[in-house]
Amino acid sequence: MDKKNIADNSSQKPNVNWKSLLWTIALLLILNSLVFPYLFKPKIIPTTYSAFISKVDSGLVKQVNIDGNKVYFTTPNGEVDRKGNPIDAIFQTGRMSDANLVDRLLEAESPNENCKIEFSETIPRENSPILNFLLFWVLPGAIFFFIWRNAMRSMRGKLGGNYMSFGQNKEKIYAEDEIKTTFADVAGQEEAKESLNEIVDFLHNPKKYTEIGATLPKGVLLVGPPGTGKTLIARAVAGETKVPFFALSGSEFVQMFVGMGAAKVRDLFSQANKKAPCIIFIDEIDAIGKRRDGITTNDEREQTLNQLLTEMDGFNGQKGVVILAATNRPESLDKALLRPGRFDRRVQMELPDLEGRKAILQVHLKKIQHDEIDLDLIARATSGASGAELANIVNEAALRAVRNNRNSVITNDLEESIETVIAGAKRKGKVISDEEKRIIAYHEIGHALVAAMQTHSAPVHKITIIPRTSGALGYTMQIDESERNLFSKEDLENRIATLTGGRAAEEVIFNKVTTGASNDIEQATKLARAMVTRYGMSEEFDMVALETINNPYLSSDTSLSCSPETAARIDDVVLSIVKKAHEKAKKIIRENENKMHELSEYLIKKETITGEEFMNILKNKTT
Ligand code: ADP
Ligand code: MG
Ligand code: ZN
């Protein structure tokens, strides 16, 4: 394994001897003054002064020793030690200002043969001045020094770099040699694999390329939403090429002290040059590669970025060092990073489509025991899910199979775990009154009915009124028959009408409104707003972009780019879209009130019904 100390200066060496010497002295002193005396001291029994006097008067005391303000005395008590010699019990008591004590001791009888009580006073011991100096000045100083030094060192370890005069870098950058991940582990993402295959091929037989004079792209930037397999595919490239793999996260470069991150970059590249051909992978590169905006400054990050740019320019592309980097915020990267000669190739990782989701599910299902799975259904039900989410769904399904004492996963486990991921786990303990249950059932049937009565709506797959931990009291699940990429204005209007269907049912049937529609309202508003501001679907604003998405891969947060007057008019248009959809939903429900009752009663009885059951009841009545 490699290790690299940036400045392995030997000036620190003598400290080691000093240190052990001082430690030894300190240890001996501590042992000497604290531990040994207690270790070898006989047992001392505390007693009262009056007991002492009465023992003296009764002639039971052999020896008395006065030490400071303590009085120690011995009496023969007949106990023997391990060798069989008799031991005297030692008692201790406080010294009182007893002027007669000496006279009393002189007079008293004692068990000593032909003599009185032996008594003495201990002379206070004076330490030598040198010892005192060492003990009270040098030792505490030394101890504090070492504590401080160790604290600094561990702090430096955490910050990972050089610090002040301690010019050592204890951080080591290791290359991983044997990576097992291969392209077979990355499902879908065919374009990305194709693009990266060239790099794999170059590292396998560089000659083919150098003969013609071609150089490898130095840097490849993997871009895409979280969980699409960027980290995974980078490892797969290393696994395919079987070259050393240096993997670091961008945040590992950003240090507390200016210059440390840059030193780490230098270190990384010098390591990589020695190990070429090899792959450097910088995950989440936006941590260092953020655009320099000129407003806020961050010296450390800028120095690190500059160092990275310099290193990337400096090394020879034919040597076979490839830099992969991943980010889900490509729009925030500095332009300098993206120019040719640096990260000049961009590999887009997208959320998987229907086929991609099937492939990913298959990759992960391979790792677990399972029966025949309706892959198509699961893939359709997980529209918009990332690879990471699919991996999670498969694992949840396996856990559910174990919970139900099965040794193999079935389709139903996967369906259930999708719901768990979307809506949270079932809340068994939640108490819902019959009256509320009725409202919830009508609300859900309202959604389903409005969906079913409009053309081009995704078919209803499942309706349930079992509450979930996410707070949902029930939900209606719709699954499209095939992957949709385009939605017409009518599709979106239908979708909004479906969202308002729940509330519409409450109004028509119970003639009252509840809080149960809050999530529907939020979604409907968002959709209507997007129609106006981003999709150009209103008469009023035609094809003018009024909002932009901030981080396309991370959230759907938008910023308005129009005047306040326009913003007010947008609100009006959004309102009218939602209102129109709401009216339409109410009309559908009024026209089908009988079916509403029938379906809702059925749902209350069953709690969960399938789309098929729903459609059967609906169709029986109409035909
Ligand atoms: P990213 O780096 O893009 O955020 P990761 O590479 O860390 O995502 O993916 C997380 C996990 O999701 C992977 O370990 C893998 O289990 C799963 N995963 C993501 N994409 C795929 C894919 N295309 N094929 C198989 N598994 C995938
Ligand atoms: Mg990642
Ligand atoms: Zn609803």
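**Around ligand 1**

I sorted the shell around ligand 1 by class: seven residues are nonpolar, seven are polar and two are charged. I kept in mind that this is a predicted model.

Next I asked which of the 16 residues around ligand 1 come nearest. They are A187, G227, K230, T231 and L232.

Then I looked up polar contacts. I found an oxygen atom of ligand 1 at 2.6 Å from an N or O atom in the side chain of T231. For G227, a polar backbone atom lies 2.8 Å from an oxygen atom of ligand 1.

How much of ligand 1 does the protein cover? On its own, ligand 1 has 560 Å² of accessible area, and the protein covers 79% of that.

I also checked where the shell comes from. Helix 7 (230–241), helix 12 (354–365) and helix 14 (387–403) are the elements that each give two or more residues. By domain, at least three shell residues come from domain 2 (172–292 + 299–348), and at least three from domain 3 (354–422).

H447 sits in helix 16 (residues 434–453) and D520 in helix 18 (residues 518–533). The two are 73 residues apart, so this pair links distant parts of the chain.

Last entry: are H447 and D520 buried or exposed? Both are buried.

Methods: Residues numbered from 1 in each chain as written. Chains lettered and ligands numbered in written order. Predicted model: local features only at pLDDT ≥ 70, side-chain atom pairs only at ≥ 80, totals over all residues. Heavy atoms only, no water. Near = heavy atom within 4 Å. Polar contact = N/O pair within 3.5 Å; in protein donor to acceptor, adjacent residues only side chain to side chain. Areas by Shrake-Rupley, 256 points an atom, 1.4 Å probe, with all protein chains shown as cover. Helix = DSSP H or I, 4+ residues; strand = E, 2+ residues; numbered from the N terminus. Nonpolar A, V, L, I, M, F, W, Y, C, P; charged D, E, K, R; others polar. Domains from an automatic or database assignment. Buried < 20%, exposed > 50% of the residue type's maximum accessible area, 1.4 Å probe, protein only.
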